[in-house]
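Here's a quick tour for anyone meeting this structure for the first time.

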Amino acid sequence: MRRYVPPLEDMLFVIERVLHAPGQWATLPGLADPGIETARHVLAEAGRFAAEVLAPLNAVGDREGCAYADGRVATPTGFAAAYRAYVDAGWASLGCAPEWGGQGLPHLLEAVIQEMLVSANHAWSMYPGLLHGAYACLAAHGDAALKARYLPRLASGEWLCTMCLTEPQAGSDLGRIRTCATERDGAYVIDGGKLFISGGEHDLTDNIVHLVLARHPGGPPGPRGLSLFLVPKILPETGQRNGVYCDGVESKLGIRGSATCSMRFENARGWLLGEPCKGLAAMFVMMNAARLGVGLQGVAHGEAAYKHALRYARERIQGRPVPGIAAGTDPVPIALHPAVHASLAAQRCAVEGARMLAYWTAQLLDESEYAASPDQRRHAHERLALLTPMVKAWATRAGFEVADQALQVFGGHGYIEETGAAQALRDSRIPPIYEGTNEIQAVDLLVRKVIADGGAAYGRLLDELEAAARHDGQGLEQQAVQLDALAAHRRLLADIVQDSARDPGYPYRAADDFLRATALLCLGRWWLKVLALSREGGAAPRGKAATARHFFDTVLPGIAHVEHRIRCARRALPELDDCD
């Protein structure tokens with residue numbers, strides 16, 4: 001986008017009024033409670049950095065892309081200087097533990113800042129985007145020596161990192177990975193190739209720490225034989241180059257300023273993270289953080305695209321006024337045209353709903369790590385298991401759909417590159433694909449998280465949604481809409497669990513729609529909360545109540561159609577055409 005204005009009022013409304021996060025921070029031992037005034041200051045400064053430093057480089061990165069020559073990658077003009085400013089200001093260390101040089105601030109604040117960075121410049125944000133996940137993975141699974149050597153440099157942002165999973169023949173089927181490890185001199189040697197590695201090579205930092213999934217020597221076939229290894233580009237103990245090479249960067253539809261690399265490991269020295277042949281378990285610490293981050297990318301794209309379209313619609317004068325909507329005969333801003341107005345209202349509803357879901361998930365991440373009670377931590381982990389795939393898939397789909405609607409508001413100017421609407425559409429298309437496609441997230445939710453325990457954990461989530469509806473929705477007509485939707489969904493859940501036992505393929509066919517239904521019900525919880533707050537004088541910003549009512553009038557009723565599709569998924573899919 002060509003301009004970015006951080007939506008601080010909307011962000012703080014969710015943090016303070018909807019989630020009551022500042023009150024929770026003080027109850028979480030081990031979490032550095034910033035206090036709301038400090039949090040507001042941090043977010044304001046982060047917004048200024050995003051708007052003034054990153055946003056002006058967004059079109060530059062899209063236009064220039066990354067240059068590859070002789071194994072080296074040059075990022076677009078200004079990217080390296082912006083990263084140095086980011087590190088010097090201490091932004092990389094916010095959520096890391098003080099013992100490793102971090103500031104120990106809530107993951108929720110990190111999530112809000114991540115939204116800002118992506119809205120301003122998605123391609124640039126990809127480089128530090130994996131730092132938190134890599135830091136958490138190393139903190140959970142590294143030995144004392146690895147932690148001492150690498151965690152302070154990851155916490156500070158001095159070194160960047162990658163997540164090396166995908167291979168050409170494997171894709172999302174990690175059991176087909178061929179990259180192998182061989183024990184040597186108390187460590188391992190890694191050989192193999194990886195594909196689509198974000199930030200695999202660049203000029204932002206001197207060293208890059210690769211977390212590589214590879215076959216353990218003597219391990220069983222398939223995913224059970226994979227281990228996770230830390231493989232640096234430069235060996236810190238000697239300063240020598242490791243056997244890690246970039247063979248090229250991809251020419252892409254979007255986020256062109258982010259280097260997506262083909263990587264080759266030849267006799268590369270690496271160190272085991274976690275237990276042998278438990279690499280997927282160790283890697284999932286990083287992958288789950290990445291999936292929440294990708295969900296936030298959907299929020300960020302939707303926010304930037306919506307506001308860009310809104311500004312244009314208010315400035316673009318075209319067409320006569322519609323009787324009953326605008327007076328006079330002179331041409332009016334297209335924001336007053338009913339079709340454009342309806343589109344913008346739908347965009348706002350999608351963006352602000354996705355933001356509440358993503359911030360709720362980030363808040364649960366804080367609770368899962370820092371709550372004093374083991375029961376509280378277990379509860380938060382259980383919710384995260386259900387919400388993370390839903391937020392990743394729902395928010396990224398919403399972000400792309402909003403970018404698509406926003407481009408439509410621009411009309412013919414939408415597909416002209418200088419407006420930025422086309423770049424927003426291209427950039428927003430990748431989050432539904434990577435870190436596990438949205439279809440994979442849906443299967444993970446329904447098959448692995450819901451049906452696996454007969455719907456028990458998911459039933460407890462529904463209990464929580466119902467209790468919230470009864471509490472927050474008192475005296476609101478929308479309460480009945482939410483409660484009726486929950487009751488119908490409970491009946492459907494029982495049928496899904498029962499029918500899946502008879503037809504194991506059924507939940508795979510129904511998964512996408514089940515995830516959408518889950519998202520709608522979770523959104524209903526928070527939009528009811530917004531309506532409840534709107535009854536309190538000054539508790540909700542202008543327009544929030546109208547947007548909440550728009551959700552219950554036009555969005556939540558769609559759950560009936562979604563659940564009809566879930567029932568129809570009991571039938572086998574139609575055959576496909578033959579191909580020559």
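Let's start with D503, which is partly exposed at 26% relative accessibility (buried means under 20% relative accessible area, exposed over 50%, and partly exposed in between, with a 1.4 Å probe and protein chains only). Keep in mind that this is a predicted model, where local features need pLDDT of at least 70, side-chain atom pairs count only at pLDDT 80 or more, and totals for chains, interfaces and linings use all residues. Residues are numbered from 1 along each chain as its sequence is written, and side-chain values use heavy atoms, with hydrogens and water left out.

**Salt bridges**

- D503 meets R509 in a salt bridge, 2.6 Å from N to O (the term means a side-chain nitrogen of Lys or Arg within 4 Å of a carboxyl oxygen of Asp or Glu).
- R509 is partly exposed too, with a relative accessible area of 25%.
- Searching the whole structure turns up 34 salt bridges.
- R40 pairs with E16, and their closest N and O atoms are 2.7 Å apart.
- That pair ties together distant parts of the chain, 24 residues apart: R40 sits in helix α3 (residues 35-54) and E16 in helix α1 (residues 8-18). Helices here are DSSP runs (H or I, at least four residues), strands are too (E, at least two), and both are numbered from the N terminus.
- R40 itself is partly exposed, at 32% relative accessible area.
- D375 and R378 form another salt bridge, with closest N and O atoms 2.1 Å apart.
- Both of these residues, D375 and R378, belong to helix α12 (residues 374-410), where they are 3 residues apart, about one turn of the helix.
- R378 counts as exposed, at 52% relative accessibility.
- There's also a salt-bridge network linking E382, R383, R460, E464 and R525.

**Strands**

- Strands β4 (residues 180-184) and β5 (residues 187-198) run antiparallel and are joined by 5 bridges (two strands pair if DSSP finds at least two bridges between them).
- Across from E183 you'll find Y188 in β5.
- β4 and β5 make a hairpin with 2 residues between them, and D185 in the turn has a positive phi of about 55°.
- β5 also pairs with strand β9 (residues 260-273), in the antiparallel sense over 8 bridges.
- G192 has F265 in β9 as its bridge partner.

**After helix α19**

- D578 lies in the segment after α19 (559-568).
- D578 counts as exposed, at 79% relative accessibility.
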